[in-house]
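Here is a friendly walk through one model. Please have a look at the sequence and the fold, and then read on.

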Amino acid sequence: MKFHRSDNAPAAIGPYCQAIEVDGWLYLSGQTGLDPKTGELVPGGFEAQARQVLANLREVLAAAGCTFADVVKASVFILDFANFPILNQLYSEAMGDHRPARTTVQVAGLPKGGWWKSTWWRGGGSAKRPLGPPASRRPSNSAFLKTKTG
């Protein structure tokens with residue numbers, strides 16, 4: 001088990017880590033639109049917070065040696081599906097041509113009153129080990145990333 005963290009992403013606001021690697025899988029904790037310097041939500045509503053979520057995720061991925069191109073599954077939680085077109089635009093800009101699997105769910109509330117929260121997984125494996133842990137050990141609500149072999 002290896003823990004990954006970035007000072008360029010918000011510290012956890014509870015008893016958890018930014019990311020943990022187990023058996024070649026990297027599990028990223030959910031990120032909201034918190035400014036890593038202040039620990040407060042960035043002003044400007046959904047779009048500003050969505051951009052900050054993506055920036056925070058980018059930093060946590062980088063701390064583990066990954067990029068958005070490694071993502072294979074993302075779970076996104078938003079307060080209002082009226083923001084779905086903005087979400088898709090910003091997500092598409094961040095991912096470029098890469099298209100991981102994604103689930104988007106409207107929720108009643110998010111930490112600190114945020115508009116968007118997202119959790120991702122990075123999958124691992126090698127020629128010696130199958131891709132990922134057994135299904136019984138996979139969290140039900142996170143995001144996947146493919147691994148770099150070798």
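Helices (H or I, at least four residues) and strands (E, at least two) are DSSP runs, numbered from the N terminus. The model is predicted, with local features needing pLDDT of at least 70, side-chain atom pairs counting only at pLDDT 80 or more, and totals for chains, interfaces and linings using all residues. Residues are numbered from 1 along each chain as its sequence is written, and side-chain values use heavy atoms, leaving out hydrogens and water.

Let us begin with Gln52, which lies in helix H1 (residues 45-63). Beyond its neighbours within four places in sequence, Gln52 is in contact (heavy atoms within 4.5 Å) with Gly33, Leu34, Asp35, Pro36 and Val42.

The table gives relative accessibility, where buried means under 20%, exposed over 50% and partly exposed in between (1.4 Å probe, protein chains only).

| Residue | Relative accessibility | Class |
|---|---|---|
| Gln52 | 18% | buried |
| Cys17 | 23% | partly exposed |
| Cys66 | 5% | buried |

As for disulfides (cysteine sulfur atoms within 2.5 Å), the structure holds 0.

Now to the strands. Strands pair if DSSP finds at least two bridges between them; strand E4 (residues 73-78) and strand E5 (residues 101-106) run parallel and are joined by 6 bridges. Ile78 stands opposite Gln106 in E5.

Finally, a side-chain detail: the charged end of Arg102 sits over the ring of Tyr91, 4.6 Å from the ring centre. For this, NZ of Lys or CZ of Arg must be within 6 Å of the ring centre and within 35 degrees of the ring normal.
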